[in-house]
Amino acid sequence: MNILVCIKRIPDISGQITLNDSGTDIDDSGLGHTTSAHEECAVELAIQTAAATGGKVTVLTLGPAEAVEQLRAAVAVGANDGILIEAEAPGAFGPEDIAQVIGDVIRDRAEEGQSFDLVLLGNDAADTGDFQVGIRLAYDLEYPVLTGIQTLSATGGSGGSAAIEAHGIGPAGTEVFSLDLPAVIAVQEGGVDPRYPSITGRMKAKKARIAEYVAPEPGAGSPRIGLELPPETASAVTILGEGPDAAGALVDVLEEIGVIRS
């Protein structure tokens, strides 16, 4: 089973978050970059499923040239190759634009003889909160789609075709789905533990093939009007009690928030 995993280069939110001058995206000039936990789990599920079915994993991202770093990080843990759709201003692309560009690349690859049985994405974007790309991509490709999935495994589908059994957490507990392929699945973290890269994996990643495309100009579909940072709120802790009990409670709170260590 050949699997495509779509990932996104996002700012490391452990730093101070500010918006750009237009207020349409995060100013990441002073931040490190990574991928979201959702997408790390998607990569892990893809690697496991491809290994069990004798397939391959390709990772794809739309972003600046520097996003090749995130592609190689995925190769270092087990993906086979990568696709970079280079866009100098990825924040100008709305979910509809991104889905269209990814769909075009998938169709181009199919014409060249490389088809993908399964497309995985993160359930939502960790930086902007967008959650529409997977659904819009499935609509564009005319594939069935699932969201909020935590684990999956390959099975036999109707008429002997390949299928996926997928598990997610719903309002009433664990939900189980069976989906004929090809399909699109949006992955939510929590079902698997992403692996760490080995030295061999890091060496392989440096030499891995990264195909490059140039993103077209974004269309008018689903433009992002703007983002807003949450209001700053002061933190306060109230300790009830007197004497040794209050002092002990204060120490417990300070240890919990990492101010002191026992």
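pLDDT is the predictor's confidence in each residue, on a scale from 0 to 100. This is a predicted model, in which local features need pLDDT of at least 70 and side-chain atom pairs count only at pLDDT 80 or more, while totals for chains, interfaces and linings use all residues. Residues are numbered from 1 along each chain as its sequence is written, and side-chain values use heavy atoms, with hydrogens and water left out.

The chain has a mean pLDDT of 87, and 87% of its residues reach 70 or more. Helices (H or I, at least four residues) and strands (E, at least two) are DSSP runs, numbered from the N terminus. There are six helices and eleven strands.

Now the overall packing. Of the 262 residues in the chain, 40% are buried. Buried means under 20% relative accessible area, exposed means over 50%, and partly exposed lies in between (1.4 Å probe, protein chains only). The chain exposes about 14,400 Å², and carbon and sulfur atoms supply 51% of that area. Accessible areas come from the Shrake-Rupley method with a 1.4 Å probe; for residues, only the protein chains shown count as cover. A contact means heavy atoms within 4.5 Å. Among contacts with a separation of 6 or more, 69% join residues 24 or more positions apart.

F116 gives one such view of the fold. F116 sits in the loop between α3 and β6. It counts as buried because its relative accessible area is 6%. Leaving out residues up to four places away in sequence, F116 touches N2, I3, L4, T58, R109 and P182. The C-alpha atoms of F116 and L4 are separated by 6.2 Å, though the two are 112 residues apart along the chain.

Next, helix α4 (residues 133-141). Its buried residues include V133, G134, L137, A138 and L141. They lie on the same side of α4, because they cover an arc of only 130° around the axis. That arc is taken from the directions from the helix axis to the C-beta atoms. The cover over the buried residues of α4 includes α3 (95-111), β6 (118-122), β7 (145-156) and β10 (183-187). After α4 comes E142, with a positive phi near 60°.

Which residues are linked in a network of salt bridges? They are D104, R107 and D140. A salt bridge is a side-chain nitrogen of Lys or Arg within 4 Å of a carboxyl oxygen of Asp or Glu. D104 and R107 pair with their closest N and O atoms 2.8 Å apart. Being three residues apart in helix α3, they are separated by about one helical turn. R107 also meets D140, at 2.9 Å, N to O. D140 lies in α4 and R107 in α3, so this pair ties together parts 33 residues apart in sequence. D140 is partly exposed, at 23% relative accessible area.

The structure holds five salt bridges. Another one joins R9 and E69, at 3.4 Å, N to O. R9 is in the loop between β1 and β2 (10-11) and E69 in helix α2 (residues 68-76), 60 residues apart. R9 counts as buried, at 17% relative accessibility, whereas E69 is partly exposed, at 47%.

Finally, the surface. V251, I257, V259 and I260 form a nonpolar patch with about 330 Å² of accessible area together. Patches take residues with over 30% relative accessible area and no salt bridge, joining like charges within 9 Å and nonpolar side chains (Val, Leu, Ile, Met, Phe, Trp, Tyr) within 5 Å. V251 belongs to helix α6 (residues 243-256).
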